[in-house]
Amino acid sequence: MYEAPDRYKRMISARLPGGESLGLTNQAPADEGGSPLRDIQLLSRGQLAAFFATANIIAATLTTVTLGGSAPLMYLIGWTVAVALVNFFAMQWSRNQAITHVGRSGRKVPRLLMIGDVTLRAALWLSLPLFLFEGLDVGSQIIMASLTAALGTAALGLVVIPACASAWLVMFVLGLSAELLIARISIPFDHMLSILFTLGLAVFGVLAISRWAFRQLETNAEVGSQSESASLLLQEYEQRGVGWLWQIDSDNRVTYISSRMTALLGRPSSQILGHSLPSLLGGHAELGRVLLEKQTFTALEMELGTARGTRWISIAGDPIIDTAGRFEGFRGVGSDITEVRQTQERLTHLANVDVLSGLPNRGRVRQLLGEALRTATAGNVPCAIMFLDLDGFKPVNDTFGHPKGDAVLQAVAKRLCDEVGADGHVGRMGGDEFAIVVGDAQSRRKIEGLADRIIRSIAEPYQIDQTEIILGVSIGCAFGPIDGATVDDLILKADLALYEAKGDGRGVAKYFSSELQSEQEDRVRLESDLRQAISLKQFHLLFQPLVSARSQKLVGFEALIRWNHPQRGLVPPPVFIPVAEESGLMPTIGEWVIEEACRAVASWPEPITLAINISPKQLIQPALPNLVSQAMSRHKVQANRLELEVTEGVFLGDSGTTLDVLRRLRTLGVGIALDDFGTGYSSIGYLNKAVFHKLKIDGSFVREAGTRPENVAIIQSIVQLAKSFRMSITAEGVETAQDFERMRDLGCDTIQGYLFGRPLSFERASEMVHGLSAKQKMAS
């Protein structure tokens, strides 16, 4: 009753598209209701019930015949009838249970009830022989004991339920033992051994057969359970639309296919059965190859044209081998994976595309460059990678907010795509960085022309929500495989070219060259030397005088760091300061400058002040105010004699942290000057934060004021702005008497420049200070 339908039994060994088997073991414990093993035991018990009952009745009849002259006939007939009736009804009961107590709805038959049935019948049969045994003659005792031993073999009818067979044997071993104990004197020893041998053989034989029979039933039950479970699973697999089943013969002709697949193909089964499976699925070459190999295959994906449009299916199959080892075809499963493929394509698209701009992202750009580089290497036609970095984009986000910044990036992406067109691929590397991969870069002039067009296009104003925004772009370019044979190498070379472009005034395109490589290697060596410069005491400070615009008297100095390298000679600050900032060495160098500046100003009398420059990298360090305070304490310097100069570049980073550090420094009492005012970005918005006490006008405005009237107007505006915030003004770069008079007349408070002195050593500066001090004493 657990036979699977034929078409499903043939499919039991099929595999799912992923390769997993459809076989399933779902066997419940033997003593639970609805167990296949329990059902088979009950069925087998019902079939053997007649044998067991007949053995009992025949043995009882033989006993009656044997004891006919040795016992009352009434006892013998009554006992025989009782044994016959009990065994008959027990037989019927067993057969009935084999019908009413099997299957999922069958009621459980308690094991103790079955054991009790067997024990009762054994006790009934043994009752008369044991009762009469002592009064029998020797010949009758031998016959009776032999029959008792022989009836132990009736347990063969109980082997399907080992517990019942064991109970029967136990009862007869005990009964025979009692009989032999009674007749221990009368029955000869050789007869006794023969009787015991008969029972012993029955016991061991029955137990061995019982174990074997139970294992067979258990195996059959498991197979039946698997067949049923597999057939149910296969039905559900088809009915619920999980997939479809197929089978072909040795000539690849379809012998079975699910209705779901016929619906997908849009043909009735009569037009599919008997036809070639590969041709039905579009003549897919890979399918023909795997079928020809006659080996198991899984997850074979193929494109299929249907009435519903293009669909993707995945099939798996196992070869059918008969008992003689002959190949008879394939059976397998399939599924429609169109939606899975579409999802995978969407995920792949998202993984390769920048969400904001819709352009290829960094990872995809690397893939495109790799493909272009391989093609260039194989075809001997160079490719190119262009790195683009927007100039002036950071203030857009800071001033107008990220939504407008994003809109600008989207507009830039569109302009780049318009300029590049079909000549290459535009990608976004992240932030305000873009890249262009050009597959055919054989014409260098064409690439240079493209770079020039891009620079002009990006420089055109952007109208975002009635706001005009102006940007620039710097470009670095490298050619493969000329400049680099690998993707990483080529990217590095393009990055070096971009670095050169940004350092060369921005808004230009630079192309990698061996000179750039040499410069990069020199920069690496410079960084290594810079790390040792402090410990080797290669730094020193120079001091440029600051004079009062009214009295032209010395009021202080600005400390300027210098590096005297043993091989390179004097390394200018514009060369080593950027390297120190990028390599993270600036805080250490800045700490040294603060310490040396405090030591210098402590040796000078009041009211001489000293200004030192603080880099943006130092200002984001919360510990800076403590460093300044500790240095002033060590050298006993009053806070009002120390002035810290910062540039407008400090507001390009984390302005919140920067302002917090500036406020803490101002709380110490030191002065804070905003250096190079007018050349930066958006610092006017920070002037009302009550952290600055001085503005320093950049020297470029001062030097050009004599020839450019607009510069005079700018300086006037700066002076008026500073006075409104109660700040003093210092003019830098004053080199002529005319520059001095002009700055004084425009309202500047302090003058700095070559007119009043070039940067001096500590000794020369000290001579100037002490000489001034001596003159003041003489005058007083």
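How many helices and strands are there in the protein chain? There are 26 helices and 21 strands, both taken as DSSP runs numbered from the N terminus, with helices being H or I of at least four residues and strands being E of at least two.

1. Basis of the note. This is a predicted model, in which local features need pLDDT of at least 70 and side-chain atom pairs count only at pLDDT 80 or more, while totals for chains, interfaces and linings use all residues. Residues are numbered from 1 along each chain as its sequence is written, and side-chain values use heavy atoms, with hydrogens and water left out.

2. Overall figures. The protein chain has 780 residues, of which 46% count as buried; buried means under 20% relative accessible area, exposed over 50%, and partly exposed in between, with a 1.4 Å probe and protein chains only. Accessible areas come from the Shrake-Rupley method with a 1.4 Å probe, and for residues only the protein chains shown count as cover. Of the contacts between residues at least 6 apart in sequence, 66% join residues at least 24 apart, a contact being heavy atoms within 4.5 Å.

3. Surface patch. L73, I77, V81, L85, F88 and F89 make up a nonpolar patch on the surface, with about 580 Å² of accessible area together. Patches are built from residues with over 30% relative accessible area and no salt bridge, joining like charges within 9 Å and nonpolar side chains (Val, Leu, Ile, Met, Phe, Trp, Tyr) within 5 Å. F88 belongs to helix α3, residues 73-100, and is partly exposed at 42% relative accessibility.

4. Helix pair. Helix α17 (residues 514-533) and helix α18 (residues 573-583) have axes that come within 10 Å and cross at roughly 80 degrees. That makes α17 roughly perpendicular to α18, the term covering 65 to 115 degrees, with angles under 35 roughly parallel, over 145 roughly antiparallel and the rest oblique. The axes are lines fitted to C-alpha atoms, for helices over the stretch in contact, and angles run from 0 to 180 degrees between N-to-C directions. From α17, R523, L526, E527, L530 and R531 meet V575, F576, V579, A580, E582 and S583 of α18.

5. Backbone points to check. The peptide bond from G480 to P481 is cis, with omega near -5 degrees, and P481 is in the loop between β11 (472-480) and α16 (487-503). The bond from E606 to P607 is also cis, with omega near 5 degrees; P607 sits in the loop between α19 (586-602) and β16 (609-613). N252 has a positive phi, near 70 degrees, in the loop between β1 (244-248) and β2 (254-257). N380 has a positive phi near 60 degrees, lies in the loop between α12 (362-379) and β6 (383-391), and is exposed at 68% relative accessible area.

6. V365 is in helix α12 and is buried, with a relative accessible area of 4%. Its C-alpha atom is separated by 8.2 Å from that of H425, 60 residues away along the chain. Beyond neighbours within four places in sequence, V365 is in contact with P360, I385, G427, M429, A435 and V437.

7. Surroundings of N352. N352 lies in helix α11, residues 338-352, and is buried at 18% relative accessible area. Leaving aside neighbours within four places in sequence, N352 contacts L359, P360, N361, R364 and Q367.

8. Salt bridges. The whole structure holds 32 salt bridges, each a side-chain nitrogen of Lys or Arg within 4 Å of a carboxyl oxygen of Asp or Glu. One of them joins K502 and D389 at 2.6 Å, N to O. K502 lies in helix α16 and D389 in strand β6, so the pair ties together parts that are 113 residues apart in sequence. K502 is partly exposed at 24% relative accessible area, whereas D389 is buried at 10%. K502 also forms a salt bridge with D391, the closest N and O atoms being 3.2 Å apart; D391 is in strand β6, 111 residues from K502. D391 is buried, with a relative accessible area of 10%. Salt bridges with shared partners also join E558, E645, K696 and E732 into one network.
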